[in-house]
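I opened a new notebook page for this structure. My plan was to look up a few features in turn and write down what came back.

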Amino acid sequence: MLQSSASSPDKRACGDLRSDLNLQKGFIMFQKIGTVLKLEGIMLLILGASMSVPLLIALINSETSAARAFAIVIFLCIFTGFILRRFFNSFRYKFKGRDGFFIVAVSWFTASAVGAAPFMISGEIPGFFDAFFESASGFSTTGSSILTDVEALPRSILFWRSFTHWLGGMGIIVFITALIPAFGINGQIVASAETTGPTKNKILAKFSDNSKEVYRVYIIMTGAETLLLMLGGLPIYDALIHTFGTVGTGGLSIYNASIGHYNNVYVEIVVAVFMFLAAINFNLFYMVKKRGVLQIFKDEETKFYTTVTISAGLLIAVYNFISDSFSQFGEKLLNSFFQVISILTTTGYATDDYDVWPTFSKMVLFTLFFIGGCSSSTAGGIKGVRVLIGLKIIRRSISLKVHPSRITPITLNESELSSGTAIKISNFIFTYLFVFFAGTVLLSLNGFDLMTNVSAAASCLGNIGPGFNLVGPTMNFSMFSWFSKFVCSILMIIGRLELYTVLVLFSKYYWNPNRTR
């Protein structure tokens, strides 16, 4: 009896301790949710402010339905954003690394949904899945479309459609990280979940300062291309639209014939040059000020990216020249290099219908679908640095077969990579291919031909835009079912966020409350 009475207080004490722990966990969760909502409120304010320009364009052009749509969405964004920002202003939850994945994934899906609202409210794209597809394509800088006649849309809607490229190109979250330290949120934790590439290169000590510097380069590049296109005879509206699509490597145009509409060699060259530059690691542009232009091409990834561009461009140009009875080599050279740069940088602009090119040329282009631009750029795809390291891993494996005792380190820019980094890159490439095949299987439910499904999945996952056959450069995704359009939208966002940011949310280990990192 004495033992029983003595143990009773102990049980009550343990129960009280568990209760206190549960209350503490509940408070932490409440703080976390509040801080996330505060961050989403900031993003809504930015999106609302971003729609003020297309609203002005709608008013100038007397586009009543579009103006009403933008006004409604702006009001809802600013009102909701202000409420979230104000109500959760006192929340100061210290994010952990794993929290960044959730914030970034939610932010991109929210941005895509909000960006789709003007399309639906204006009645230009009434269906939700169609509007979400178009918005996700814009923010993810994919450039795929369900529109059969883009020239029929109001100018304000087309402006917003392309402006989402510019917002998504360098990353909504990267932009916000330049602002959110003032709100008590760790910007590096959030941005690290979005920044592309196997390593998160920083050029300045503070991540917010780094974000500001990268955006400064982004803005300068935007201004320079806009000016050069205007010097080539384009109106400021056209110049801005195609600059957004170029520096954001998105590729949406206001013409059905894309860049080919202008039939202007100067414009094609300017767009090609800036597409190429936009797919180079933006951190290297900052280093140019300190170490000169040659610093860019000392980087191994940039050299690989340049080599692939030149090799693929020459291969296609020469083969097309020979296949077409040795005629018009200059035109074929320009078209080949433009299309190679457009696909490799995952921009998706077109000056020629490459779907009618010889099979060899199309296969070279299709190979580029799986490479992409450089890390920490606006381009999508696997990224050149991962492909380069993957090739080095293959070369080392072959070398070890011949010389098993030989020590063959994997290096990048004269620095040895750890085995852990090499394994992560190999895992990423394998996961990328697995998601690509899974997407292809899901899209095959439409019953379309193999090349259409394969290229559609590769294009959406790599954020490229056009594919082959029914989704070629002169076609679109309008014939897909609502389910396939949703699958494509998910592939776009997953590809833009480099797979794991979204896929990790489906892991039971991520939601384990006992894990602290």
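I began with the aromatic rings. The model is a predicted one. My search of the whole structure returned 34 aromatic pairs. I picked out Trp-166 and Tyr-218, which form a stacked pair. Their centres are 5.0 Å apart, with 25 degrees between the planes.

Next I asked where the two partners sit along the chain. Trp-166 belongs to helix α6 (residues 155-169), and Tyr-218 to helix α9 (residues 207-231). The pair therefore ties together parts that are 52 residues apart in sequence.

I then looked at Phe-366 and Phe-370, an aromatic pair with edge-to-face geometry. I wrote down 5.4 Å centre to centre and 85 degrees between the planes. Both Phe-366 and Phe-370 are buried.

I went back to Trp-166 and Tyr-218 and found them in one aromatic cluster.

The core came next. In soluble globular proteins, nonpolar side chains tend to be buried together. I found 131 residues in the largest nonpolar core here. Which of them touch the most other members? They are Leu-365, Leu-368 and Phe-477. I listed the contacts of Leu-365, leaving out residues up to four places away in sequence. They are Ile-316, Gln-339, Val-340, Ile-343, Tyr-354, Trp-357 and Phe-468.

I found a nonpolar patch of about 800 Å². It is made by Ile-72, Phe-75, Leu-76, Phe-79, Phe-82, Ile-83, Phe-87 and Ile-121. Which helix gives the most to the patch? Helix α3 (residues 64-87) does, with seven residues. Ile-121 lies in helix α4 (residues 97-122). I noted Ile-121 as partly exposed, because its relative accessible area is 37%.

Last, I checked backbone angles. Most residues other than glycine have a negative phi. Thr-346 has a positive phi, near 60 degrees. I placed Thr-346 in the loop between α14 (329-344) and α15 (359-368). Its relative accessible area is 0%, so Thr-346 is buried.

Lys-383 also has a positive phi, near 95 degrees. I traced Lys-383 to the loop between α15 and α16 (384-402). Is this lysine buried or exposed? Lys-383 is buried, with a relative accessible area of 1%.

Conventions: Residues numbered from 1 in each chain as written. Predicted model: local features only at pLDDT ≥ 70, side-chain atom pairs only at ≥ 80, totals over all residues. Heavy atoms only, no water. Patch = residues over 30% accessible without salt bridge, like charges linked within 9 Å, V, L, I, M, F, W, Y side chains within 5 Å. Areas by Shrake-Rupley, 256 points an atom, 1.4 Å probe, with all protein chains shown as cover. Salt bridge = Lys/Arg side-chain N within 4 Å of Asp/Glu carboxyl O. Helix = DSSP H or I, 4+ residues; strand = E, 2+ residues; numbered from the N terminus. Buried < 20%, exposed > 50% of the residue type's maximum accessible area, 1.4 Å probe, protein only. Core = buried A, V, L, I, M, F, W, Y, C linked by side-chain atoms within 4.5 Å. Contact = heavy atoms within 4.5 Å. Phe/Tyr/Trp six-rings, centres within 6.5 Å; stacked < 30°, edge-to-face > 60°.
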